[in-house]
Every structure is written in C-alpha cells, then in structure tokens.
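Thanks for coming. I will go through a few local features, so please have the model open.

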Amino acid sequence: MRTGYSVEKVRAAERELMARLPDGALMARAAAGLAAACTGLLDRVYGARVALIVGSGDNGGDALYAGARLARRGAGVSAVLLAPDRTHPGGLAALRAAGGRTLPAADGADAVARADLVVDGIVGIGGKGGLRPDARALIRAATGAVVAVDLPSGVDADTGEVTGEAVRADATVTFGAYKPGLLIDPAHEHAGALRLVDIGLRLPPEPDIEALQHADVAALLPRPAAESDKYRRGVVGVVAGSARYPGAAVLTVAGALRGGAGAIRYVGPGSDAVIARFPECFVSPGPPKKAGRVQAWIIGPGLGDGEDAHQAMSDVLASDVPILIDADALHLLPSADRLRTRQAPTVLTPHAGEAAALLGTTREEVEASRLSSVRALADRYGATALLKGSTTLIATAAHPVRANPTGTGWLATAGSGDVLSGVTGSLLAAGLSPHDAASTGAYLHGLAARHLGSRPITSVEVASALTAAWRDVTA
C-alpha cells in the first residue's frame, strides 16, 4: 500500500532523523536516490546534457548534489539559479567541484531548452501557489524529460491543489514518504511516474492518505468457503432504472454480479431487461421493503424522481443494512441529520457536480479541492463518501482517505458510475466494511477499464472486464 503523509509529519520525522545523523547525511541520501532516478531517465549519462532549475533552500540543494553526482559520471550539468544569493552553499560547491557550471535565471533558457533532462528543484514541499514568472519561463523552455524533486513545483503537497501554473513532470522522485498531493488530482496529473526514495524516516503508524495496491485488494476480496451458499455470500438489493433510463438497471446489476455477492434482488420497472440479460437475478416490482431480505442496498442509478422513487428511497433509508446511494437518489436525500441517524452504514458515490449540490458549493470548487471536499462530505453526512473523478477518493471518519490509483479517463462514459455502484454494493453485501468496499470497488472498476486498453470503451465492456480485473488481482 502506498501511504502519504502531510508536510508537517514529514518535517517532524526529518528533524528527528537529522538529530541522529551527521550534518548533510540526510541530503546525501536524497541526492543519491535522485541521481539514480535521473540516470534511469537518460539513454546514457556520459555526454548527456542536464539542466537543474534551482531555487533557494533544501529542494535546490538536493538537485545540486544530484547534479554533482551526474557531472562526476560525465554528464554536462548546468544549474540555472533562481536565487543566486540564497542558493544552497554546500550543493553549489559540490556541483562546481564536479565540473558543473552555473547560470543566472536570465541566461538559463537556452541551457534548459538544449537539455536531455531538466531537474525541477524550484520549490519544495512547503511551496504555495503557482510558479513565479522567472521559473515559469524556464520550465516552458524545456524540451527534454522533466524530473521533479520531491514534488512538482507549483502544486500543493498536502491537498493536491494547483492554483496557478505548475511543473508537469515526466517523473517525480519523492523522499521518505509520498505526499498526499502526489496521489490526488489535479496535482497527481502533474507528477508523472512516481518513485519513492527511502531515506530512513520514522513516520506515524496512520498516514493521511492511502492508495491500495494489488496485494491489498487481493486480501480484501471475499472468497466463498466450502460451506458457503448464495445467502451466506451475501444478497445485494438493486433499486435502479426507470422508463427513461432502463439501461441503468442492467449496468448496475452487471457490476453487482461481478462484485462477489451470492445473489441479486432487483427492484424496479426494468425487470424484463434485467432477466433477459441476467436470468439468475431475483426480480420484484417493488417496493423494496417487500422484495425480501438483503445484506445491502444499492439505490439511485437511473431512478428518476417520481413517486415510486421517493417511496423506494424511504424504504431503503429505513432498512437496517448498509446502503449505497448514487445518481438520482443523491437528489432524494433527506437532511444530513436524518442520514446520520441511520444505525447501519451509508455510502455516497457522487461525481463532482453531485458533490457540489450536497455541499452547497460549485462543481469547480469541488474539482479544485477534492481532498477537502470528500472529507467534508463524509463529515457532514456521517457516511463513507466516494468522490468520483480522475482520481476517485474515499473518505470515512477516523480512517485515512484512500485515493484510487487505477482510474483512467476512458471511464468518463455513460453508465460507468452504474457499474461502479454495482460492484461496490455487492462488496458491501459480501461483508466488506464501507471504506474497504468503496476503495476495492473503485480499484477493480479502474483496473477493468485498463484491461480494455487506451481506446474508447463502453460501460458494458467495463462490467464484463471486471472478471479479468478480479483474476489479475488474485493471480
């Protein structure tokens, strides 16, 4: 599992470690890891042209020491200094001793443009706001690969927010721990490939953010025991579809069937379409309270806002099992206080527009502040909040936020969210906690899309590829 820690926690761990190490040892560790990563991005080191864009402080020092290592191996290294009077003195001396040259920012654009590799050592994890004009002009001049030191300059390390122009790196070498912003869009999109360099930090046991990996998901997925039957494996109820959106019922059930539960009870007007595709389903015209026992409910995809939808929402909210609320049902939610009084867990799965309506803000504000938005949803409604988007985030009180690493832009297609609701609700019925069900469902959903490749895909294909995703994780 990838874990991310706030700037405050990382700095506290660095101070503790530096108190135990000789002067300069910590920076030497970071620089060695950075230089190794740079070597991997170059076709060859000897004769390569490397440009360091160096700001003040330790981030620039890391870049300079790494540049010195590359220069000693025969690279032509130029350091463009944004703050000559405040450049890290030890790093500067090391680079010059290794044969590197230095340039003021005003004369550095040509060196950056001609470089095979550009190292972003502009600002560190404490930087706020976008790039300043001199740094912006230099980064725009880059034509070679760009590697960011600790995180791309111009992004917020703690939140992933980008409030101005920021570096778009091909790779980011981060030290000691991932920073939350590296795992959350829009900053994640700027980071490129991530490489973590272990520098020996002692970090708290609970991170600020997590990102599941294959092994974590494999450990969470439900597997039937020898004595399992369809009821013991969990029955998920699906309330979805309408005359206007009959396909939503089919897509939600398709996702649910591949999510690990033993049986599906479908409630709604799409029974004929559901049975035609999935004859193993139990169907009922409704209302949900008369459909039979389930271990979890999914409600909302394509539901509409008619009288039957309101009745179904009332029944599901009154149930004593976990529920997942998506799409149209999010618009039928009662007050946050009413939702918080439920004894069983609730999972909300909005996209940015729906989240904005739930929070009383704008879609743009949600997309710009995804981490704070998903935390606010979980806190306000006393629920697990799954905020869909380029990096889907899952928040539950008293848990680290989880960022889904498998998402792809090809999932931005009609019906994709219905499939996600299906698989996540099925995992709820199979016994996973809301936090685990939401993050595991998002992981499988994204992985299924990746199995289909970088091309236009349909939600029907995504649902079918869930089986391959499951197999890939558990292989």
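Leaving aside its neighbours within four places in sequence, which residues is His190 in contact with? They are Pro152, Val155, Val162, Ala166, Val167, Arg168 and Ala169, where contact means heavy atoms within 4.5 Å.

Before going on, the ground rules. This is a predicted model, where local features need pLDDT of at least 70, side-chain atom pairs count only at pLDDT 80 or more, and totals for chains, interfaces and linings use all residues. Residues are numbered from 1 along each chain as its sequence is written, and side-chain values use heavy atoms, with hydrogens and water left out.

Back to His190, which sits in helix α7, residues 187–191. Helices here are DSSP runs of H or I, at least four residues, and strands are runs of E, at least two, numbered from the N terminus. His190 is buried, with a relative accessible area of 7%. Buried means under 20% relative accessible area, exposed over 50%, and partly exposed in between, with a 1.4 Å probe and protein chains only. A polar atom of the His190 side chain lies 3.1 Å from the backbone oxygen of Val167.

Next, helix α4, residues 89–97, where Gly91, Leu92, Ala94 and Leu95 are buried. Seen down the axis of α4, these fall within an arc of 165°, so they line one face of the helix; the arc is taken from the directions from the helix axis to the C-beta atoms. Pro89 and Ala97, on the other side of α4, are exposed. Just after α4, Gly99 has a positive phi of about 100°.

Last, α9 is mostly covered, with nine of its twelve residues buried.

Note on methods. Polar contact = N/O pair within 3.5 Å; in protein donor to acceptor, adjacent residues only side chain to side chain.
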